[in-house]
Amino acid sequence: MDDQPSPEHRRPDGVTDETVEAVGKLSAALDHVEDARGHLYAFHRLMGSAESTLEEAEELVRKAGHDDIADAMDRDVLGQNPLPGMWSFQMVDEFDDGFYARAKGLHQRALDELMNGQRHVFEAEMKELRRTRGREGHEAKPADVEGDPEYDG
């Protein structure tokens, strides 16, 4: 046990505190974009379920003898675009191929050009400041945990 962060999380030689902080902030921003993407995918799944359930509801409303309401559901809701010209799968595609791809690519470029490809250096350094060396539960990396058959030889 060397009780140090993994090499892939160590600051490359010559990288300043300012650069580590800036790339850390960029990574945090990308985390928010990833969360937003997850919500967009959840919206997509919910809209698909809503469409199927609306179809079932339209059929039941019609069977109950309320053709005027069923006709309105069929005409005004079923098959409608949630946004102009787009179903939710198209929203996902536009987001993934547009903003998401650009943000992810810029983040990777910053990691490659500024941090030698090292990820989470800011977080690894924060962990080093806050953990207590030698204390259980404060190990530097998974390989330092005793009793884990995946890491113990």
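I take helices (H or I, at least four residues) and strands (E, at least two) as DSSP runs, numbered from the N terminus. Residues are numbered from 1 along each chain as its sequence is written. The model is predicted, so I kept local features only at pLDDT of at least 70 and side-chain atom pairs only at pLDDT 80 or more, with totals for chains, interfaces and linings using all residues, and side-chain values using heavy atoms, without hydrogens and water.

**Entry 1: helix packing**

I looked up H1 (residues 17-63) against H3 (residues 88-115): they pack at about 165°, with axes 10 Å apart. Axes are lines fitted to C-alpha atoms, for helices over the stretch in contact, and angles run from 0 to 180 degrees between N-to-C directions. That angle makes H1 roughly antiparallel to H3 (under 35 degrees is roughly parallel, over 145 roughly antiparallel, 65 to 115 roughly perpendicular, the rest oblique). I noted a left-handed crossing for H1 and H3 (the near helix is turned anticlockwise from the far one by less than a right angle; clockwise would be right-handed). In the contact of H1 with H3 I find 21 nonpolar, five polar and four charged residues (Ala, Val, Leu, Ile, Met, Phe, Trp, Tyr, Cys and Pro are nonpolar; Asp, Glu, Lys and Arg charged; the others, Gly among them, polar).

I then took H1 with H2 (residues 67-76), whose axes come within 8 Å and cross at roughly 160°. H1 and H2 are therefore roughly antiparallel, and H1 passes H2 in a left-handed crossing.

**Entry 2: cavity**

I searched the whole structure and found one cavity of 30 Å³ or more (on a 1 Å grid over the protein atoms alone, a set of points where a 1.4 Å probe fits but cannot get out; lining residues have an atom within 4 Å of a point). The largest cavity has a volume of about 50 Å³, the space filled by probe spheres set on grid points joined across faces, edges and corners. H1 gives the most to its lining, four residues; H1, H3 and H4 (121-130) each supply at least two. The lining includes Val20, Leu111 and Phe122.

**Entry 3: salt bridges**

I count 14 salt bridges (a side-chain nitrogen of Lys or Arg within 4 Å of a carboxyl oxygen of Asp or Glu). Asp3 pairs with Arg131, the closest N and O atoms being 3.0 Å apart. Asp3 lies before H1 and Arg131 after H4, so the pair ties together parts 128 residues apart in sequence.

Methods:
1 Å grid on protein atoms, 1.4 Å probe; cavity = no way out; pocket = protein on both sides within 12 Å on 5 of 7 lines; lining within 4 Å.
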